Amino acid sequence: MAFTSTIGSQRYTFPTLTRLLAKATPARSGDELAGIAATSAQERIAAQLAVADLPLKHFLTEPIIPYETDEVTRLIIDSHDATAFAQISHLTVGDLRDFLLSNEVTGEVLASLKWALTPEMVAAVSKIMRVQDLIAVARKIRVVTRFRTTVGLPGRLSTRLQPNHPTDDPRGIAASMLDGLMLGSGDAVIGINPVSDSAQRVTQLLELIDRARLRYSIPTQSCVLAHITTQMEAMRQGAPLDLLFQSVGGTEATNTSFGVSLSLLEEANQQARSLNRGGIREETGGENLFYFETGQGSALSANAHLGADGLGVDQQTIEARAYAIARHFSPMLVNTVVGFIGPEYLYDGKQIARAGLEDHFCGKLLGLPMGCDICYTNHAEADQDDMDSLLTLLGTAGVNFIMGVPGADDIMLNYQSTSFHDALYIREVLGLKPAPEFESWLESASFPQLRAQGLLS
């Protein structure tokens, strides 16, 4: 089925849904690199007009990646709630935008529709929304998750304390952890990106965090961001693992390039649940166990972005499809690492900001506890002022968590993110607090002991 739109005397035709969505996407360098972006602002507007007139039902009849060849598509279609969809099945994409922005449509209403909406539907509606629209809708939705802390409550903003070190030196990591904890970071997770992807190293780093947690009664959860198979081996060796980590993408081919599949994720999920960590009492087990990371451009960088028509799917739609995997596993945290892959995919501060707000909006509509690594690489046309702007916008939009990196400069991964002080800024300006359990700890006797003794004593 072809889609058409006319502007003035110019008639535009988009032969497939995949082409239509790509042409309607706000400008970004990754789609230009893939050769699928609109060639002019007028063509982009024409595509957006055609998207606005597209019935939501159409997304159920024209998969952008074939059902038979892609397990992400199968997951999306097989988990779709037709009964819930009946409430909105008469809408077009443009109607859906109006519905989402309506004052009568509350966060509770939107939460009830998370299985009625497909990733392609929410990606499509985001393409015809302004920045203020993305913020206004996302801030309605609260997605609350729990392990030892409760993340996502109204009036709260959590942080991942990211104490990376270029040699995995325990003293360097402990120093960064102490810095972050003293500045109120770490209530979402203390998460380390290891230099060495080995089960022994994962175990050592998890034990480091766990010793500090137990010694000072810190309400938090640990995570070492190794490959999921490495974490599974560490669990077999007795590692005190809290949250499972894995990067995921929106196509089966992308996940194959990551060395993962839905069946492998489920096997790891069951193994981690058997540890019965987290919860009010450790033996009850935490409710949410996964920490997923995603990012626009990962499919293209793996040459795993081709659609049903043999051409590329736009990177923002593929990103939204990754959220179907996350949604399936009811994660504790989902983090879009928005500017990390580089300017080939998001060229400058404007594109990074737009992508971060789109990802947050789409994830929240699909029922996910969205956070954002507000970041850029040093060869992108962006700076810390751009990150301050996106931080403020996402804080207003109700983001669940952000990163806390010493000095905003990750010396292991070599990129710029947000600092412990940035979290203090946004909490103060917007009147936000950390997770309630963590806030109580900061006011308890254990926190002064940490200040007096430190993690290195």
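**Pockets, cavities and a buried helix**

Twenty residues line the largest pocket, and Phe 245, Ser 247, Glu 293, Val 337 and Phe 340 lie nearest its centre. Strand E8 (244-247) and strand E9 (290-294) are the elements that give two or more residues to this lining. The pocket has a volume of about 390 Å³. A pocket here is an open set of points on a 1 Å grid over the protein atoms alone, with protein on both sides within 12 Å along at least five of seven lines; lining residues have an atom within 4 Å of a point. Points are joined across faces, edges and corners, and a volume is the space filled by probe spheres set on them. Helices (H or I, at least four residues) and strands (E, at least two) are DSSP runs, numbered from the N terminus.

The model is predicted: local features need pLDDT of at least 70, side-chain atom pairs count only at pLDDT 80 or more, and totals for chains, interfaces and linings use all residues. Residues are numbered from 1 along each chain as its sequence is written, and side-chain values use heavy atoms, with hydrogens and water left out.

Now the cavities. A cavity is a set of grid points where a 1.4 Å probe fits but cannot get out. The whole structure holds two of 30 Å³ or more. The largest cavity contains about 100 Å³ of space. Its lining has 20 residues, and those nearest the centre are Gly 297, Ser 298, Ala 299, Gln 315 and Ile 318. Helix H2 (29-34), helix H15 (298-301) and H16 each give two or more residues to that lining. H16 gives the most, with four residues.

How many residues of helix H1 (residues 17-24) are buried? Eight of the eight are, so H1 is largely enclosed by the rest of the structure. Buried means under 20% relative accessible area, exposed over 50%, and partly exposed in between (1.4 Å probe, protein chains only). Leu 17, Arg 19 and Lys 23 are among the buried residues.

Leu 333 lies in strand E10 (residues 333-337). Leu 333 is buried, with a relative accessible area of 0%. Beyond its neighbours within four places in sequence, Leu 333 is in contact (heavy atoms within 4.5 Å) with residues including Val 151, Leu 243, Phe 290 and Phe 401. Leu 333 and Phe 290 are 43 residues apart in sequence, yet 6.6 Å apart in space, C-alpha to C-alpha.
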